[in-house]
Amino acid sequence: MGRLDCHARNWLAMTIKHWGKNMKIPYINLKAEHKALKKQILKEVAKVLDSANFILGPEVQEFEKNAAKYCGTKYAVGLNSGTDALFLALKVLGVGPGDEVITAPNSFVASASVIVAVGAVPVFVDVRDDMNINPDLIEEKITSKTKAIMPVNLTGKMCDMDRILSIAEKHNLYVVEDSAQSIGAEYRGKRAGSFGDVNCFSLHPLKTLNACGDAGFITTNDEEIYTKLTKLRNIGMKNRNEVQYWGYNSRLDSIQAAIINLKFKKLDSWIKARRKIADYYRKNLRGLAEKGLIMLPSEDKHEKPAYHTFIIQVDKRDELQQYLLENGVETKIHYPIPIHLQEAAKGLGYKEGDFPVIERQVKRILSLPVYQELTKKQQDYIITQIKGFFGPA
Ligand SMILES: *Cc1c(COP(=O)(O)O)cnc(C)c1O
């Protein structure tokens, strides 16, 4: 018996070593996602080709119904990107020259760049440990020029919306959610997209719900805003011949809408899978967190993050990233340079040291693979490698 046990153990050790040599885990696996759906996607695309109704066809209306229902709002407007969603959100609210918009500088650059694009000024506020805007620091940045707060629900986790909404109400400000990373995230039983006046989503291929190309959308409960947005995205046209506003071409393609309608049916199971992976990481990396070696994403009782990313924070981030890469695990950094320190932001007058929490985080954050196709074996392998980096206790 003892001998057999010993053999079994050796075999197991060898197998693990063998995996160690050969396992290659990409940060994201879009090919696997599309391989599984290819036949169905091609069928949906064929339907649109047969109808030749490529612009604002019935697939777009169906998508808008799906999106509004999913987010728990009255309306949704299909658009060609998350960036245009943010841009049109500010436009429809009349944010422009002379106005200020409060937001976080650790986002994807689009959230700040649209504020500049409409002629307004982004006013940055530091974040909390969870990488979302710190509500305690918002009020001191409000001036007579402040028109809106744009909370970025980074990583698939909602900001402290109760606090943000009450600050906005007190100071009579609009709230524009940047929920590009947060479709399906829940906060006190409500989903992302249902909190602000106008709420923005991206359906970029790297987002959890994704098109095969660029796409995005807005949700709102305000009929007037909704109606105006349906025109603004269509060059301001009221109908074929009459133009009501100076507008843009920000329409969602029928083909992309058809693909997203198909993927919408999978979204809940994808988010469930991501939440399960996050739980598994948290459970198995708890030991390292308790020793203070890494910080794990937190999750409170009142929320259900959707884990667009699973970001750990660690002192020797670059060394850990390199170690994981050498062992076949690809990771990413979202995002290494905060917006206030980008070349483009020079004119805004910020400097290093303005946002100490973010500036410390950018040196410590590391995004682990967390997509729905990640197998248990791969999760175990990633956990083993992270533990291997820190060595025996
Ligand atoms: C992806 C993203 C955007 C931009 O969306 P696009 O569809 O790529 O234009 C905006 N904000 C955040 C936080 C994002 O992650």
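**Entry 1: the domains**

I began with the layout: the protein chain splits into domain 1 (6–33 + 266–390) and domain 2 (37–262), with bounds that come from an automatic or database domain assignment. I noted that this is a predicted model, where local features need pLDDT of at least 70, side-chain atom pairs count only at pLDDT 80 or more, and totals for chains, interfaces and linings use all residues. Residues are numbered from 1 along each chain as its sequence is written, and side-chain values use heavy atoms, with hydrogens and water left out.

**Entry 2: where the domains meet**

I looked up the spacing, and the C-alpha centres of domain 1 and domain 2 are 27 Å apart. I then checked contacts (heavy atoms within 4.5 Å): 35 residues of domain 1 touch 40 residues of domain 2.

How much area do domain 1 and domain 2 bury between them? I got about 3300 Å², with 59% of it on carbon and sulfur atoms. Buried area here is the accessible area (1.4 Å probe) that two parts lose on being put together, summed over both. In domain 1, His308, Tyr335 and Ile339 lose the most area to domain 2, together 21% of what that side buries.

**Entry 3: pairs across the interface**

I searched for salt bridges, meaning a side-chain nitrogen of Lys or Arg within 4 Å of a carboxyl oxygen of Asp or Glu. The rule finds two across the interface of domain 1 and domain 2. I also looked for polar contacts: pairs of N or O atoms within 3.5 Å, where within protein one must be able to donate a hydrogen and the other to accept it, and residues adjacent in sequence count only if both atoms are side-chain atoms. That gave 18 residue pairs across the interface, both residues at pLDDT 80 or more.

**Entry 4: the ligand**

For Lys207, a polar side-chain atom lies 2.6 Å from an oxygen atom of the ligand. For Gln181, the distance from a polar side-chain atom to a ligand oxygen is 3.0 Å.

I widened the search to the whole structure and got 18 salt bridges. One pairs Glu303 with Lys157 (2.6 Å, N to O). Another joins Lys47 to Glu44, with their closest N and O atoms 3.3 Å apart.
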